[in-house]
Amino acid sequence: MFRFYWEKFVVPFWLLTAIAVACFVIASAAGLAAPVIIKFLIDDALENTDFTHLNLIVGSIVVLYLIRAVFYFLYGYNMAKAGSTMIARMRAAMFARLHSLDYSYFVNTSTGNIVSYFTNDLLLIQQAVTVGVPDLVVESLNLLAIIVIMVYFNWELALVTFITLPFIVVAISHFNRKIAELGGLLEHTMAKMTSLLHQAILSTMIVQSYVREDYEYGKFRHQIHEAAQDYFHVQRLNALLIPLVEFLAAIGLTIIIWFGGREVINGDLTIGGMFAFLVYIINVPAPVRKITQAFSSMKMGAVAWERIRDLDRQPHTVVDGRLDLDKSSGRVEFRDVSFRYSSGVDVLKNISLTAEPGDVIAVVGPSGAGKSSFANLLLRFYDPDAGAIYLDGVDIRSLKINALRHQIGFIQQNPVLFNASILENIRYGRPTATYSQVEHAARLTNAHDFIKELPRGYDTPVGEQGANLSGGQRQRIALARAIILEPAILLLDEPTAALDGHAEKQVMAAIRNVSQGRTTFIITHNLSTLLASDKVVYLSGGQIAERGTHAELIARGGVYARAVDRGELGIKG
Ligand SMILES: Nc1ncnc2c1ncn2[C@@H]1O[C@H](COP(=O)(O)OP(=O)(O)OP(=O)(O)O)[C@@H](O)[C@H]1O
């Protein structure tokens with residue numbers, strides 16, 4: 001646990017933390033000196049009715065507390081600066097790491113978990129470094145100083161007074177351990193709640209259309225109830241802890257009054273000395289409580305860090321290549337490619353296929369045949385288990401992933417648009433594109449006319465997930481976004497499947513425009529596309545069952561023709 005804080009916090013921010021500790025030592029020394037001055041007040045100034053002495057002592061107390069206030073501020077300032085910089089760096093590194101992870105990680109991990117790394121877990125670490133670590137260091141010093149001063153003043157009284165100290169330590173650590181355990185539960189409940197909330201926001205439309213608001217609310221209410229219970233248990237312990245510690249401290253106080261009183265009566269201790277003792281003992285519970293709280297906060301932070309490190313532990317199955325590729329011709333070859341997801345059977349088996357530059361290849365097949373997996377391999381979201389895919393004769397595993405993906409304009413069934421203007425969405429992959437380049441891309445995809453009609457033209461915000469636009473409009477913007485990169489290859493995964501007849505026609509016209517001169521793989525059920533393709537590849541059970549033009553395949557009367565006949569491929573248009 002300490003290693004984490006040492007490596008991530010103390011070492012990188014050694015100057016800030018050292019200054020902070022120095023400031024604290026000064027502030028603490030000023031605070032601890034006050035009772036000594038009060039002793040002089042009682043024993044000298046009051047005893048001798050010396051007004052000058054009294055004024056001097058009062059003045060010193062004001063100055064001491066001023067010094068304490070200033071240095072406490074400087075201490076808090078430096079700690080906060082180091083803590084917030086550390087968290088900002090961690091957040092940035094985590095975000096960068098997130099985007100470098102294999103696609104399969106996102107398929108297999110719940111979004112709520114990932115969100116919770118960035119929110120709840122980072123918050124726990126933030127609390128640990130900005131409150132826990134400094135408290136542990138400075139309050140330990142504080143406690144040590146109090147003990148040393150008390151022993152120095154009167155070691156016998158100090159020993160008697162400290163009889164209650166072990167009880168205070170045991171009580172506090174017992175309670176804090178329980179609080180930390182419950183805190184862990186609360187953390188878990190909060191992560192589940194974040195996950196539910198995230199899902200609820202994403203699926204509002206489905207929830208409302210299926211009139212399942214009550215059901216969703218019921219699920220959420222259950223989590224709220226659980227979180228409230230956990231929170232209540234934590235607070236109940238906290239509520240019990242403080243009076244208990246205060247009671248134990250009061251016993252310490254009583255001992256001082258009794259034992260110290262006897263010492264004063266016997267003439268072995270001055271009244272001022274006894275008063276100073278009382279002030280110190282009152283100051284003991286706070287550092288003890290803070291030290292044990294700091295321990296549990298640091299423990300929770302270290303556990304959160306372990307959870308976050310899940311991001312670092314993910315293996316890279318898709319390893320980046322070294323070769324750059326400026327402009328591809330668009331010649332793609334699948335050579336004997338087989339692939340399976342981590343668990344399960346081969347979803348693609350011995351796929352061999354060549355696309356010459358400019359070819360339009362339609363990939364068809366029943367649901368589950370492996371069409372999207374075929375696209376995933378070309379984009380290197382996964383790598384084949386056997387065989388290889390070549391671009392311009394180079395194994396794509398040797399290419400830099402970024403260089404490969406720059407050559408491919410990828411369009412999905414439901415395009416993802418960012419909550420920004422149309423302009424920003426179209427030039428997402430090429431932020432330096434000029435307004436006229438954006439407009440040119442939009443004209444090619446038949447999007448310019450409808451964009452011009454919008455109140456703010458290219459500056460119109462598309463809304464969350466592009467909700468301000470129709471499905472066909474979203475798809476044409478996504479096409480413009482792909483085309484502005486001038487990719488050699490277009491990879492279209494059922495681009496019109498979610499559209500009605502009119503929108504489908506508009507998008508298909510746009511696709512015809514932009515596929516000119518580009519190698520195009522289109523997973524489709526659209527008849528006109530099948531008719532216009534150079535080659536139809538019929539996938540079935542992960543294998544290429546047949547290939548040829550649509551007309552050839554129909555004339556052949558094989559599995560493809562029979563599947564079309566039986567309406568199994570859902571071909572329309
Ligand atoms: N991430 C995954 N992990 C495990 N299995 C998967 C994963 N994605 C897809 N599969 C399985 O791989 C097989 C092929 O899926 P794929 O999505 O490639 O089919 P498809 O032809 O595109 O289907 P559809 O037309 O329904 O979209 C299916 O059996 C599917 O269940």
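**Serine 195 and its surroundings**

Tutor: Setting aside the residues within four places in sequence, serine 195 is in contact with Ser110, Gly112 and Asn113; two residues are in contact if their C-beta atoms, placed from the backbone, lie within 7 Å. Residues are numbered from 1 along each chain as its sequence is written. This is a predicted model, in which local features need pLDDT of at least 70 and side-chain atom pairs count only at pLDDT 80 or more, while totals for chains, interfaces and linings use all residues.

Serine 195 belongs to helix 7. Helices (H or I, at least four residues) and strands (E, at least two) are DSSP runs, numbered from the N terminus. Serine 195 counts as partly exposed because it has 18 C-beta neighbours inside 10 Å. The scale calls a residue buried if 20 or more other C-beta atoms lie within 10 Å of its own, exposed if 12 or fewer, and partly exposed in between. Valine 115 is 80 residues away from serine 195 along the chain, yet their C-alpha atoms are separated by 7.8 Å.

Helix 5 (residues 111-153) packs on helix 7 (residues 165-202) at an angle of about 120°, with the axes 8 Å apart. Axes are lines fitted to C-alpha atoms, for helices over the stretch in contact, and angles run from 0 to 180 degrees between N-to-C directions. The angle makes helix 5 oblique to helix 7: under 35 degrees counts as roughly parallel, over 145 as roughly antiparallel, 65 to 115 as roughly perpendicular, and the rest as oblique. Helix 5 contributes Thr111, Gly112, Asn113, Val115, Ser116, Thr119 and Asn120 to the contact, and helix 7 contributes Glu187, Met190, Ala191, Thr194, Ser195 and His198. By class, three of these residues are nonpolar, nine polar and one charged. Here Ala, Val, Leu, Ile, Met, Phe, Trp, Tyr, Cys and Pro count as nonpolar, Asp, Glu, Lys and Arg as charged, and the others, Gly among them, as polar.

Ala249, Gly252, Leu253, Ile256, Gly260 and Val264 of helix 9 meet Ile271, Met274, Phe277, Leu278, Ile281 and Ile282 of helix 10. This contact has 10 nonpolar, two polar and no charged residues.

Alanine 362 sits in strand 3 (residues 360-364) and counts as buried because it has 24 C-beta neighbours inside 10 Å. Beyond four places in sequence, alanine 362 touches Ile522, Thr524, Thr529, Leu530, Ser533, Val536 and Val537.

Last come the cores. A nonpolar core is a set of buried Ala, Val, Leu, Ile, Met, Phe, Trp, Tyr and Cys residues joined through C-beta atoms within 7 Å. The largest has 66 residues, and those with the most contacts inside it are Val363, Leu479 and Ala480. Helix 18 (residues 471-483) supplies its largest share, six residues. A second, separate core has 49 residues, including Met86, Ala171, Ala276 and Ile281.
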